[in-house]
Amino acid sequence: MKPTLTKGWRMLGIALAAAALLATTACSGGNEPATEGDVQPKGDVTLVIGAYSVAKDAFAELLPKFQAKWQAETGQKLVFQESYEASGTQARAIAGGFEADVTVLAMESDVDKIQKAGFITHDWRQATNGGMITNSIVVMGTRDGNPKGIRDWEDLTKDGIKVLYPNPKTSGGAQWDINAMYGAGLMKSEEETGTMDPAYAKAFLEKIHANVESLDKSGRASMAAFEYGVGDVIVTYENELLARLKQGVKYSIVVPESTILIENPAAVVDVNAVKHGVREAAQAFVDYMHGEEAQRIFADYGFRPVNETVAKEVEGKFATPPKLFDIDYLGGWPEVREKLYSPKGIWYQVLAGL
């Protein structure tokens, strides 16, 4: 089945409506969405977090740690209200008026959307680690034991291989996935001809996309479909697979020879944090995520730490692909947004079969 955007756009509308209604959870009371009639915990400070879906599991452990730290240092009881959505959906919701105090997203271009809408007024890239709180890479997950013998991107172009990755219109993870495959095509063309050939890379992406089963709205939704039994191989974040392995789900992880470094940002949403009188707490939470305690928690959930001390502690846990590249290899996010994801960009040409 060749997927279209129709389902994705329906899901986008539903997701935006949900975000606008602020279906939040309080971390001290579990992860079930609040419903009408629920009594939400009261605190001296309430921080609203608008995050991408993949961060949810790590946050279930990390947020209570910060609550305890904040209370010990200030004497104030802090509670969180949390919203988790696909990164692009979350960014559009915040830019459209969802009053998150802190945002944690899949990629810097989604934070830029919020900044361009006027809600982030500081230069968030001047923060520690360039504003990034975690790293990862794009990998492939297969059924336990890798029964289809997937070894690298080229195997995803073979007849009969059913591939999953989410919709880049809503999911930041999907854009990283597509960037990785497109970049691998560019690198292959450069090795064969000495020149980065966009036409070659587009054709390579087309061959993989021809085997895609469905385009889900988020990386987490794509993972759920894979666990339900859809597809032979999923293209996703390394941390997503490592977290599932930790929970006892059986996968084999395939690290491609060439793949992209994922960088995940966090930022205070200034206008909302000032409006709610929580700017200091919001900044303290963002700073905390860069620190060693939070970075160890992230690492435990499969993210690659950006803190140098913690990165050295866990370096044996993560494989280094021989041809790892970053977004700059593709020209940086402004060029990628224009070249791949604009209305006439390469991704939409692939989707339309042009």
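Phenylalanine 285 is buried, with a relative accessible area of 0% (buried means under 20% relative accessible area, exposed over 50% and partly exposed in between, using a 1.4 Å probe and protein chains only). The model is a predicted one, so local features need pLDDT of at least 70 and side-chain atom pairs count only at pLDDT 80 or more, while totals for chains, interfaces and linings use all residues. Residues are numbered from 1 along each chain as its sequence is written, and side-chain values use heavy atoms, with hydrogens and water left out.

Back to the ring of phenylalanine 285, and to the partners it has. Rings of Phe, Tyr and Trp (its six-membered ring) are paired if their centres lie within 6.5 Å; planes under 30 degrees apart are stacked, over 60 edge-to-face, and the rest tilted. By this rule there are 14 aromatic pairs. One of them joins phenylalanine 59 and phenylalanine 285: the ring centres are 6.1 Å apart and the planes stand at 85°, so the pair is edge-to-face. It ties together distant parts of the chain, with phenylalanine 59 in helix 2 (residues 56–74) and phenylalanine 285 in helix 10 (residues 279–290), 226 residues apart. Helices (H or I, at least four residues) and strands (E, at least two) are DSSP runs, numbered from the N terminus. Phenylalanine 59 is buried too, at a relative accessible area of 0%.

Phenylalanine 80 also pairs with phenylalanine 285; here the centres are 5.2 Å apart and the planes at 55°, so this pair is tilted. Again distant parts of the chain are linked, since phenylalanine 80 belongs to strand 2 (residues 78–85) and phenylalanine 285 to helix 10, 205 residues apart. Phenylalanine 80 counts as buried, at 1% relative accessibility. These rings belong to one aromatic cluster, made up of Phe59, Phe66, Trp70, Phe80, Tyr84, Phe285, Tyr288, Phe298 and Phe303.

Some rings have a charge over them (NZ of Lys or CZ of Arg within 6 Å of the ring centre and within 35 degrees of the ring normal). Arginine 143 places its charged end over the ring of phenylalanine 226, 3.7 Å from the centre. Lysine 246 does this with tyrosine 301, at 4.1 Å from the ring centre.

Next comes helix 6 (residues 198–209). Its 12 residues reach 16 Å from first C-alpha to last, close to the 16 Å expected at 1.5 Å a residue (the expected span being 1.5 Å times one less than the number of residues). Its buried residues are Ala201, Lys202, Phe204, Leu205, Ile208 and His209. They span an arc of only 160° around the axis, which puts them on the same side of helix 6; the arc is that of the directions from the helix axis to the C-beta atoms. Exposed residues Ala199 and Lys207 sit on the face turned away from that buried side. Helix 5 (172–193) and helix 14 (346–352) are among the elements covering the buried residues, judged by contact, meaning heavy atoms within 4.5 Å.

Leaving aside neighbours within four places in sequence, glutamine 175 is in contact with Met107, Pro168, Trp333 and Tyr341.
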